[in-house]
Amino acid sequence: MSKTALITGVTGQDGSYLSEFLLAKGYEVHGIIRRSSVDYRERIAHLEGKPHFHLHYADMSDSMSLVKLVGKVQPDEIYNLAAQSHVQVSFDAPEFTADVDAVGVLRVLEAVRTNHLEKTCRIYQASTSELYGKVEEVPQSETTPFHPYSPYAVAKLYGYWIIKEYREAYNMFCCSGILFNHESERRGETFVTRKITLAAARIAHGKQDCLYLGNLDSLRDWGYAKDYVECMWLILQHEKPEDFVIATGIQHSVREFATLAFRHAGIELRWEGEGIEEVGVVKNLTPSSPQEREPGKGVKIGDIVVRVSPDFYRPTDVVNLLGDPSKAKRELGWNPQKTSFEQLVQLMVEHDMRKVTHEHYNLAEYLEKGIVK
Ligand code: NAP
Ligand code: G4F
């Protein structure tokens with residue numbers, strides 16, 4: 001008998017990879033989409049129409065839609081990935097963030113209880129390393145105290161605790177994956193990694209002059225999203241409901257990410273100045289770089305291609321995330337370093353080099369044809 005999964009946030013980076021993963025395992029996959037004036041479903045368009053993939057309209061801020069849908073689908077597993085997931089945006093829209101990211105979790109749990117599925121339905125909650133916020137120890141593990149440091153993190157903290165509460169109060173199989181940053185070619189374009197890889201590709205091809213970033217010193221433990229969705233599934237297959245840190249155990253700064261991304265785009269950078277005055281200058285162009293192939297087009301040695309802008313500073317910023325994935329390694333048998341940092345940056349840059357040069361680039365079509373993984 002195949003299992004039935006319901007994914008909230010199916011149109012997002014993780015939702016699209018998880019859908020592919022579960023379909024490959026033989027699941028019947030149901031996803032929640034929300035009404036929008038434009039259809040923005042390019043990450044899952046290649047799955048639409050497949051016999052075991054189904055989409056339904058609902059919204060995390062609408063309990064009735066969730067109750068009805070859970071009753072209709074009768075899922076064995078729910079993956080609650082839906083969220084206003086951008087930390088900086090949460091400072092501008094804190095109430096919406098709390099409604100979706102905090103109360104939304106409660107609505108999912110209550111939808112399961114209302115439909116009397118609490119004994120059979122397992123629930124995965126997309127918790128986050130942002131819970132550690134103003135970190136109290138490095139590296140962070142399942143026992144590190146939380147210190148949320150943004151409206152997003154505070155909302156996610158409620159999600160974490162309400163999951164734990166329902167596990168203890170009602171004996172439900174509900175768990176948090178405390179995931180550290182994970183990126184991919186499908187990452188939203190305003191998160192720092194994707195913003196950098198797209199800009200490096202555009203700058204290399206003479207389509208953008210300069211990239212403006214915020215805190216270059218910020219440290220993150222970056223992994224590959226495609227590797228991380230496997231863990232979401234493993235957490236729900238574990239014999240008992242528990243929370244797990246999912247991370248690589250390796251840390252890099254935003255500056256290091258940018259240096260490597262530009263290098264893959266054929267631009268060697270050197271950094272000059274400090275703080276708001278810091279700039280990334282073109283030190284060298286590698287022989288295979290687009291500029292070398294098309295003389296006169298694109299950047300030159302000595303050009304400033306990265307600048308710091310206070311627009312991208314946050315009122316409070318989380319600056320030292322490093323996860324300890326020992327428990328996931330030991331108890332789930334998960335390999336935290338399947339895709340290295342270097343491979344991750346390379347695959348994102350290669351993808352964005354193709355995106356900026358192919359006039360008719362279409363993610364949905366490329367996923368369908370297997371050109372983008
Ligand atoms: P993402 O790409 O931003 O996707 C978020 C998803 O949530 C989208 O499908 C979005 O739908 C949906 N959503 C937002 N508000 C909704 C609402 N009111 N009702 C229904 N759906 C709604 O995020 P992601 O990177 O895949 O992350 C998945 C989850 O993991 C999120 O909860 C995030 O907070 C958490 N997380 C992510 C990371 C990471 O590094 N990626 C790390 C730790 C935790 P639309 O397409 O309609 O906007
Ligand atoms: O890429 P970011 O926006 O990701 P952030 O804030 O770490 O959040 C992501 O990861 C969390 C897991 O820890 C998830 F829960 C969350 O949903 C999301 O997926 O920023 C990373 C760092 C920050 O310190 C930020 O200040 O990069 C710094 N940064 C520097 N310049 C920038 C920029 N961030 C963005 N988005 N844009 C910049 O120009």
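**Ground rules**

I worked from a predicted model, taking local features at pLDDT of at least 70 and side-chain atom pairs at pLDDT 80 or more, while totals for chains, interfaces and linings use all residues. Residues are numbered from 1 along each chain as its sequence is written, chains are lettered from A and ligands numbered from 1 in the order in which they are written, and side-chain values use heavy atoms, with hydrogens and water left out.

**Entry 1: ligand 1**

I looked up the shell of ligand 1, counting a residue if one of its heavy atoms lies within 4 Å of the ligand. The shell of ligand 1 has 24 residues, and T11, R34, L81, S85 and Y152 come nearest.

I then went through polar contacts, which are pairs of N or O atoms within 3.5 Å; within protein, one atom must be able to donate a hydrogen and the other to accept it, and residues adjacent in sequence count only if both atoms are side-chain atoms. A polar backbone atom of L81 is 2.8 Å from an oxygen atom of ligand 1, and a backbone N or O atom of Q13 lies 3.0 Å from an oxygen atom of the ligand. From a side chain, an N or O atom of R187 is 3.1 Å from a nitrogen atom of ligand 1.

On its own, ligand 1 has 900 Å² of accessible area, and the protein covers 88% of it (Shrake-Rupley method, 1.4 Å probe; for residues, only the protein chains shown count as cover). I found that α1 (13–24), β5 (122–128) and α5 (151–170) each give two or more residues to this shell. Helices (H or I, at least four residues) and strands (E, at least two) are DSSP runs, numbered from the N terminus. Strand β5 has the largest share, with three residues.

I sorted the shell of ligand 1 by class and got 10 nonpolar, nine polar and five charged residues. Ala, Val, Leu, Ile, Met, Phe, Trp, Tyr, Cys and Pro count as nonpolar, Asp, Glu, Lys and Arg as charged, and the others, Gly among them, as polar.

**Entry 2: ligand 2**

I repeated the search for ligand 2 and found 25 residues around it, with T128, S129, Y152, S218 and R314 closest.

The contacts I noted here involve side chains. An N or O atom in the side chain of S218 is 2.6 Å from an oxygen atom of ligand 2. R187, already noted at ligand 1, has a polar side-chain atom 3.0 Å from an oxygen atom of ligand 2. For the side chain of E130, the distance from an N or O atom to an oxygen atom of ligand 2 is 3.3 Å.

Taken alone, ligand 2 exposes 710 Å², of which the protein buries 96%. Elements giving two or more residues to the shell of ligand 2 are α6 (192–204) and β8 (211–213). I count 10 nonpolar, nine polar and six charged residues in this shell.

**Entry 3: second largest pocket**

I used a 1 Å grid over the protein atoms alone: a cavity is a set of points where a 1.4 Å probe fits but cannot get out, a pocket is an open set with protein on both sides within 12 Å along at least five of seven lines, and lining residues have an atom within 4 Å of a point. Grid points are joined across faces, edges and corners, and a volume is the space filled by probe spheres set on the points.

The second largest pocket has a volume of about 160 Å³. Its lining includes E185, Y224, K226, H351 and K373. Helix α11 (residues 341–357) gives the most to this lining, four residues. The lining has four nonpolar, one polar and five charged residues.

**Entry 4: cavity**

I found one cavity of 30 Å³ or more. The largest cavity has a volume of about 40 Å³ and is lined by L6, T8, I32, L66, L69, V70, I78, V108 and A111. Helix α2 has the largest share of the lining, three residues. By class, the lining has eight nonpolar, one polar and no charged residues.

**Entry 5: aromatic pair**

I noted 13 aromatic pairs in the structure (rings of Phe, Tyr and Trp, its six-membered ring, with centres within 6.5 Å; planes under 30 degrees apart are stacked, over 60 edge-to-face, the rest tilted). The ring centres of Y79 and Y124 are 6.1 Å apart and their planes are at 40°, so this pair is tilted. Y79 is in strand β4 (residues 77–80) and Y124 in strand β5, 45 residues apart.

**Entry 6: backbone**

Most residues other than glycine have a negative phi, and most peptide bonds are trans. The V138 to P139 peptide bond is cis, with omega near -5°, and P139 lies in the loop between β5 and α5. Q74 has a positive phi, near 50°, in the loop between α2 and β4.
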